[in-house]
Amino acid sequence: SGGVYDDFSWNHVILLLIFSLPVTAWETSRKIRSKDMETEYETFSMIFGARGATMIPFVCLLLTGILSLYIGADLDFPVSYFAIIAVLMIYVVYFYSRFLIKPIKEYNVLKNTAMVFATGLFFTMLIYIVLQFDIINKL
């Protein structure tokens, strides 16, 4: 493309994590079941227990949120970005904590929670990057 590119930096590693950890969380979350929903199919909850297995995607999503806040600060995003990311993180904490406290079928919405978080985060980052760097006018 003839463009000048920056050397690979710590921010590139962080961005790789931001875009891979939510996918890992979703993939893990879909293989977590409450005890009454377990079958012979091997799941993370069968191996680690419902609570232990829930910690894997929970930590992935929280780490993603924290890294997103770091990138937002590094890119000098406005306060509204941080508010949106905080709301997404609170959403994750609520639904994952609820299942951790009481791992029953009705509370197992982990897969959908991971999907909503990832979609919200990715679109938020995309919108703020486009706005911050005036990408539309550069096309």
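Modeller: In the second largest pocket, helix H4 (residues 110–132) gives the largest share of the lining, with three residues. This is a predicted model, in which local features need pLDDT of at least 70 and side-chain atom pairs count only at pLDDT 80 or more, while totals for chains, interfaces and linings use all residues. Residues are numbered from 1 along each chain as its sequence is written, and side-chain values use heavy atoms, without hydrogens or water.

Colleague: What is the volume of that second largest pocket, and which residues line it?

Modeller: The second largest pocket has a volume of about 190 Å³, and its lining includes Ser-29, Arg-30, Arg-33, Met-37, Lys-105, Asn-108, Leu-110 and Lys-111. A pocket here is an open set of points on a 1 Å grid where a 1.4 Å probe fits, with protein on both sides within 12 Å along at least five of seven lines, and a lining residue has an atom within 4 Å of a point. By class, the lining of this second pocket divides into four nonpolar, four polar and four charged residues.

Colleague: And how does the lining of the largest pocket divide?

Modeller: The largest pocket is lined by six nonpolar, three polar and one charged residues, where Asp, Glu, Lys and Arg count as charged, Ala, Val, Leu, Ile, Met, Phe, Trp, Tyr, Cys and Pro as nonpolar, and the others as polar. Its space comes to about 330 Å³, and the lining includes Val-4, Tyr-5, Asp-6, His-12, Ile-71 and Ile-129. The largest share of that lining, three residues, comes from H1.

Colleague: How do H1 and H2 cross?

Modeller: The axes of helix H1 (residues 10–29) and helix H2 (residues 44–74) come within 8 Å and cross at roughly 150°. That crossing makes H1 roughly antiparallel to H2, a label for angles over 145 degrees, taken between N-to-C directions of lines fitted to C-alpha atoms over the stretch in contact, on a scale from 0 to 180 degrees. Their contact is made up of 18 nonpolar, six polar and one charged residues.

Colleague: At what angle do H1 and H4 cross?

Modeller: H1 and H4 cross at roughly 160°, with their axes coming within 8 Å, and they are therefore roughly antiparallel to each other as well.

Colleague: In H4, is Tyr-128 buried or exposed?

Modeller: Tyr-128, which is found in helix H4, counts as buried because its relative accessibility is 12%, the limit being under 20%, with exposed meaning over 50% (1.4 Å probe, protein chains only). Tyr-128 and Phe-77 lie 51 residues apart in sequence, and their C-alpha atoms are 7.1 Å apart in space.

Colleague: Last one, what is the phi of Asp-76?

Modeller: Asp-76 has a phi near 60°, which is positive in a residue other than glycine. Most residues other than glycine have a negative phi. Asp-76 sits in the loop between H2 and helix H3 (79–101), and at 58% relative accessibility Asp-76 counts as exposed.

Notes: Helices (H or I, at least four residues) and strands (E, at least two) are DSSP runs, numbered from the N terminus. Angles under 35 degrees count as roughly parallel, over 145 as roughly antiparallel, 65 to 115 as roughly perpendicular and the rest as oblique. Grid points are joined across faces, edges and corners, and a volume is the space filled by probe spheres set on the points.
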